[in-house]
Structures are given as C-alpha cells and as structure tokens.
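Subject: Structure handover

Hello,

Please find the structure below, followed by notes on what was found in it.

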Amino acid sequence: MYFIFVLGVGWYAKRGISTSIEFFLSGRSLPAWVTGLAFISANLGAVEIMGMSATGAELGLPTMHYFWIGAVPAMLFLGVVMMPFYYGSKVRSVPEFMRMRFGTKAHLVNAISFAVAQLLIAGVNLYLLALIVHRLLGWPQWVGLVVASAFVLFYITVGGLSAAIYNEVLQFFVIVAALLPLTLIGLHRVGGWSGLKERITDDGMLGADQLHTWPGAALSGFDSPVLSVIGIVFGLGFVLSFGYWTTNFVEVQRAMASKSITSARMTPIIGAFPKMFIPFIVIVPGMIAAVLVGQLAEFKQLSFAGDDAAAAATGVTYNDALLLLMRDVLPNGLLGVAIAGLLAAFMAGMAANISAFNTVVSYDLYQQYVKKDAPDGHYLKVGRIATAAACVIAIFTALIAGQFSNLMDYLQTLFGFFNAPLFATFILGMFWKRMTPTAGWTGLVAGTLSAMALWGSSTFLHVFELPGQGLAFMAAATAFVVDIVVSVVVTQFTAPKPVHELKGLVYSETPKADLVDPEEAGLPFWRRPVPMAGIALVLVLALNFLFV
C-alpha cells in the first residue's frame, strides 16, 4: 500500500511539471511547513536511521552530538544568515552560487565533486534498503537494489522535485510511526530508562562513558577529555556540521523550492525542532539493541576486547542493530509498519540525492559547459535522463557502501572530503570581498586533497590511528584549515572581482533590505526566522546540559 501511494504522489505531481524550474525547484511555490518537513526527511535516510542506530549501539549517548552539536546550530545559521543569499540571488543550485562568486573553475570543481558525492551517498541509502529487504523478507540483495531504484526512478522522473518533496513529507510521518513504537516497546523490555542505564553500566568497561554525552572520547578518538571536546566542537560541530548543512545542495534545494524568502529562511529552522528530538527514536533503539539482542551484545563485547575474528563469527555488525531489535521485540503488525518506515527513510534519502544530482548535472554541467542556449524542454529531458543514469549508477555505488561495518565512518569521511573545504571557501568568500576567483578553486582543490592525503596516510600507510570518528573529524578540520590558508595566500597574488559584481554574493556589498522580506515584520513570532531560531537554540542547549 505504501509503495502504491508513493507512485500515486509522483503521478499526481506530474500535472505541475511543464518547465525545467518546476521540475528541478518546484517552481519556487511551496509553503514553509512542507519544505521544512521535507528538509529534515531528506536527511532522514541511511545516516540517521541505520548509521546513527549503529553508532548508538557502539558508543551510546555521545552519538547525540551528531544532532545537538553537529546539526541544529548549523541549520539555524543556514536559516538566519545564508538562505537570504541563496534565495535572494535566485541561483538554481549551490554550485551556481559558486560560479557567480568565484567563476567557472571553482564552479566546475564544486559541481563535479558534489555530483560524485551524491552518487556515493545514494548508494548508501540503496544498499541499506536492499539489506532490509534481504534480512526481513529473504529477497536476494540484487533484487532489492533493482526494485527500490526503479520506484525512486519512476516518481522523480515523472513528478520532479515536487514529487520528491511531497513524498518526503509523507515519509517523515511514516518513519516516526515506525520508530516510536520500537523505542517504547524496547524501553519497556529493558525496564525503562533506568533499566537501560543499569544494563549498560553492568557492561563494565563498555558502560562507563556510554551514558554521558561529554567528553565523548569514544566518539572523537582522543583519550584527553580536553582534546575530545575540542575535536567534537571544532571538527564535528563547526567544520563537518556547517560544511554539510550550509553548502549541501540536497538540503538547500528544499529551501529554494519555498514561495518566499521568509519561507526559505524558515525551512531549516522548522526542521531544527524535530531534528533535536529524532535521536530518541534512532539512537536509543541502538543502545537498547546492544543490551537486549544476544548476538549484538556478544559482538560488542568481542569488538571492544579486540577479538575481531570472533566478533565476525557472530554474523552481525552494528549496522544490524535496528533490524535485530525489530525482529526481537515487534509483533507482526508493527513489524510491517516498521519495515514500511525504513523503506520510506531510505527512499527519501536516495530521492533527495538523486533530485539534487539531476539539477546539478543539468544546470551546472550540461547547460553551462555542453549546450548553453537550448530550449527549456531540452534541459527538462536532460534532467530525466540524468535521473535514470543516477539510479543505475547508485546500484553499483551501493556495493562500495557494503564494505563498511559502520556506515557512519564512510559517510563522515565523504563529508570531510567534499563538504568541509566547500564550507571554508563559502564562508571566506561570503564575508571577505577581497577573496579572488583563483583562490576559490585552488582552496577547494587543496582542501579536498589534504583531507584525502590524511585519510590515506592513516588507512593505508598506518602512519597514525584514531578510533571512532576521530579520523573523519581530523580530515575535515585539516581540509578546512588548508583551504583557508591556501585561499588567503593565493588571494594576495591574484586579482579580485570588481566590487559591483559582488552584490547579493558578499555580505558587506549586499543592502540589508535585500536580505529580508519587507512583510516579515508584520508576521507573528512563530513565522519569523530570528525568534524561532532563538527558541530552537535555547532548547538544544537545554538538551546538552540535561544529558551531560
């Protein structure tokens, strides 16, 4: 029934698709509550559901940092500070903003790296979707890969971004309906929150740090509490988080589909409220699975003891945490809802990646560098061909994702490579008008290569080792710093853009009136970005102190 409904939404959305801007950006016509829920649902794919539950099973409460430090502050910054530039400049994508600010070289580097990243991350969602179908229904993995990609291909090819967004709103509610009962039943089985804490504490060496968010040494990989806090705040909270949320077109595209600049600013701020509470239905089930499911508890004990061979012999990994808990605690009816919820999550994630990919390929690569002045219908056709190609390629990138026992390691590595240097270039170029186009692309390339070099020296050459997410944090921080340094140095020896070309692209050169909706002052506070961002910030700070 769920799959039929999804196809129906795609077919219904087809009626509003006659131009490329309607296909790629929903004609910039959607209300804030729709784009806000789609904004969060687009991210509620593999990273959130399986990756976070896996890390919750492995590390416990420190995983909360991915939400309360590594997401919400950056989402609020995007809504308050950066969305006015994206929406006000009327760009159709984040790489297009790069072209306007830094020229074609930086644009080409960003567009290609973004397109590659989306294919890899779409593969993660598709792999996990096929894994669910295989584990719970017994279908061969290749059947799950093909069937799932075919459904996503249909509703995006037919209905464009509108179909993706409306399905993402539906998928948000299906996901919550699936995971909330799992959390409540799981907590009941272990004796409530106090019972879960007792079971984790009984694990001895495993339990000590798993019931406190700070200093999060197991997450950061640093033994020193001070270095751990710095690593989490700077590596995750600043570089990785701001790099992902403020420059990732998958997310920004949802806000760009809004009907006004106020709606665009409210999109990530609305999304921040459910985002801060999602850990309780994603991370907590992972923690429950690690004490309630015998196979996973054994795997965890053996892994922490360093006996990797015996751990592998259990036949499970942390990625299985949510599936194993569903298998053991849910009755058949709720298990069916849970399966639908997981399928919804991975389809939402994959669809978000594919819809962003087809926009960048069509507008930023094909129109800019292959065929500039074709009729609008031609680019609409190219977008649909790019969608089909992406769905096929994602089947193969799904096989790469299957090589990682904890997919958070893989995803955070990708974000360090692609998002961290992009954020450095963006933030420097947005607030420093002297930064030159040459500095834009050289900084991007240098930052990405430095992150890859650091990762390679640890992974392949074993020059040093950092457990947990420490290597991803270090690679991201390195990419950010190298990008900034190279950009500043290159700027000293190259020519900047004329000041008159920077309006709407650089903060100091953009009139304040261009950054706000003139009607915003008359709106109630719950529809204004700054007051709502302030409330969200207070709430997320309270959660950090409550679970310290």
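Is Val116 buried, partly exposed or exposed? Val116 counts as partly exposed, at 40% relative accessibility; buried means under 20% relative accessible area, exposed means over 50%, and partly exposed is in between, with a 1.4 Å probe and protein chains only.

Two notes on provenance before the rest. This is a predicted model, in which local features need pLDDT of at least 70 and side-chain atom pairs count only at pLDDT 80 or more, while totals for chains, interfaces and linings use all residues. Residues are numbered from 1 along each chain as its sequence is written, and side-chain values use heavy atoms, with hydrogens and water left out.

Val116 lies in helix α8 (helices are DSSP runs of H or I with at least four residues, numbered from the N terminus). The C-alpha atoms of Val116 and Phe357 are separated by 8.6 Å, although the two residues are 241 apart along the chain. Helix α8 covers residues 104-137 and helix α19 covers residues 332-369; their axes come within 9 Å and cross at roughly 160°. Axes here are lines fitted to C-alpha atoms, for helices over the stretch in contact, and angles run from 0 to 180 degrees between N-to-C directions. The angle makes α8 roughly antiparallel to α19 (over 145 degrees counts as roughly antiparallel, under 35 as roughly parallel, 65 to 115 as roughly perpendicular and the rest as oblique). The contact of α8 with α19 divides into 27 nonpolar residues, seven polar and one charged. In this classification Ala, Val, Leu, Ile, Met, Phe, Trp, Tyr, Cys and Pro are nonpolar, Asp, Glu, Lys and Arg are charged, and the others, Gly among them, are polar. The crossing of α8 and α19 is left-handed, meaning that the near helix is turned anticlockwise from the far one by less than a right angle.

Helix α18 and its partners

Helix α18 (residues 321-329) also packs against α19: the axes come within 10 Å and cross at roughly 160°. The two are therefore roughly antiparallel to each other, and α18 passes α19 in a left-handed crossing. Leu322, Leu323 and Met326 of α18 meet Leu335, Ala338 and Leu342 of α19, where contact means heavy atoms within 4.5 Å. By class, this contact has six nonpolar residues, no polar and no charged.

How do the axes of α15 and α18 cross, and at what angle? The axes of helix α15 (residues 279-292) and α18 come within 9 Å and cross at roughly 65°. That makes α15 roughly perpendicular to α18, and the crossing is left-handed. On the α15 side the residues are Pro285, Gly286, Ile288, Ala289 and Leu292, which meet Ala321, Leu322, Leu325 and Val329 in α18. Eight of the residues in this contact are nonpolar, one is polar and none is charged.

The nonpolar core

The largest nonpolar core has 177 residues; such a core is a set of buried Ala, Val, Leu, Ile, Met, Phe, Trp, Tyr and Cys residues joined through side-chain atoms within 4.5 Å. Ile49, Tyr86 and Leu296 have the most contacts inside it. Not counting residues up to four places away in sequence, Ile49 touches Leu44, Ile175, Leu179, Val282, Leu322, Leu342, Ala345 and Phe346.

Phe426 lies in helix α21 (residues 407-431) and is buried, at 3% relative accessibility. Beyond its neighbours within four places in sequence, Phe426 is in contact with Met82, Tyr86, Val94, Phe97, Met98 and Thr247.

Helix α7 (residues 94-102) is mostly covered, with seven of its nine residues buried. These are Val94, Pro95, Glu96, Phe97, Met98, Arg101 and Phe102. Gly103 follows α7 and has a positive phi, near 95°.

Leu7, in helix α1 (residues 2-13), is partly exposed, with a relative accessible area of 26%. Leu7 touches Phe151 and Phe154, not counting residues up to four places away in sequence. Pro73 is found in helix α6 (residues 72-88) and is partly exposed at 24%. Leaving aside neighbours within four places in sequence, Pro73 is in contact with Trp68 and Phe242.

Regards
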